[in-house]
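Hi everyone, thanks for making the time this morning. I'd like to walk you through one model and a couple of its helix pairs. Let me put it on the screen.

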Amino acid sequence: RLCPALSEMVAAFAPAVPLDPADERLRLHEAVAGWLQRMARRTPLLVVVDGFGFADGDLLGLIGHLARRLRDVPALVVCVRGATATAHRSTRIPGTLQTLTLAGLDEGATAAMLADVADRPVAPATVALIQELTGGSPLFSVALYRHLLEEGLLPRPGSTSLPAPAALPQTLTDVVAWRIAHL
């Protein structure tokens, strides 16, 4: 039901019996939990849910379901919400939910990460600008760097001319909205 095109590509798929919405949701939650359990039995598993601050009731329900169902497998589910992360550690001991406050990357770590993304060192002034706007958030830093690159806003070699911070997207949501608008 989530990917109807799969039934066209794999003839062995039989259509799922239609259920009421609550049972459909449970079916999906069980399918995700079962898949993660199978994966975690092969090797310890880390699942990161980014943007958890924007989670709706369906995602919150899924995470709660996973917290209950992944207790007997070596799995860690980390839900990132802005500057904090909520972790559910799945062990043979009943799972717990913990809130962890994580600081952003320092400027040196941001520079190293952006150099990896750019396949070359990024100018210190560019790193400083990105660090100022993102507070070291890895996802926002990479998205903002790509925005600067795609908009032709990175300084030319020998130049230090950068846009004013106020002229740039101020949040990750702003960068994502810009990218979607240009699709």
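Predicted model: local features only at pLDDT ≥ 70, side-chain atom pairs only at ≥ 80, totals over all residues.

Residues are numbered from 1 along each chain as its sequence is written, and side-chain values use heavy atoms, with hydrogens and water left out.

Now the overall layout. The protein has seven helices and four strands, taken as DSSP runs numbered from the N terminus (H or I of at least four residues for helices, E of at least two for strands). Reading from the N terminus, the order is α-α-β-α-β-β-β-α-α-α-α. Of the 183 residues, 30% count as buried, meaning under 20% relative accessible area, with exposed over 50% and partly exposed in between (1.4 Å probe, protein chains only). Among contacts, that is heavy atoms within 4.5 Å, with a separation of 6 or more, 48% are between residues 24 or more positions apart.

On to the first pair I picked. Helix 2, residues 21–42, packs on helix 3, residues 57–69, at an angle of about 45°, with the axes 10 Å apart. The axes are lines fitted to C-alpha atoms, for helices over the stretch in contact, and angles run from 0 to 180 degrees between N-to-C directions. Helix 2 and helix 3 are therefore oblique to each other; the classes are roughly parallel under 35 degrees, roughly antiparallel over 145, roughly perpendicular from 65 to 115, and oblique for the rest.

Which residues make this contact? Helix 2 brings R25, L26, H29, E30, V32, A33, L36 and Q37, and helix 3 answers with D58, G61, L62, H65, L66 and R69. By class, that is six nonpolar, four polar and four charged residues. Nonpolar here covers Ala, Val, Leu, Ile, Met, Phe, Trp, Tyr, Cys and Pro, charged covers Asp, Glu, Lys and Arg, and the others, Gly among them, are polar.

Let me stay with Q37 for a moment. Q37 counts as buried, because its relative accessibility is 11%. Leaving aside residues up to four places away in sequence, Q37 touches R69, L70 and V73.

The second pair is helix 4 (residues 107–118) with helix 5 (residues 124–134), at about 115° and with axes 10 Å apart. That makes helix 4 roughly perpendicular to helix 5. From helix 4, E107, T110, A111 and L114 meet P124, V127, A128, I130 and Q131 of helix 5. This contact has six nonpolar, two polar and one charged residues.

Helix 5 has several buried residues, including V127, L129, I130 and L133, and their cover includes helix 4 and helix 6 (138–150).

Last, two backbone spots to look at. Most residues other than glycine have a negative phi. D119, in the loop between helix 4 and helix 5, has a positive phi of about 60° although it is not a glycine. At 72% relative accessibility, D119 counts as exposed. Then G135, which follows helix 5, also has a positive phi, near 65°.
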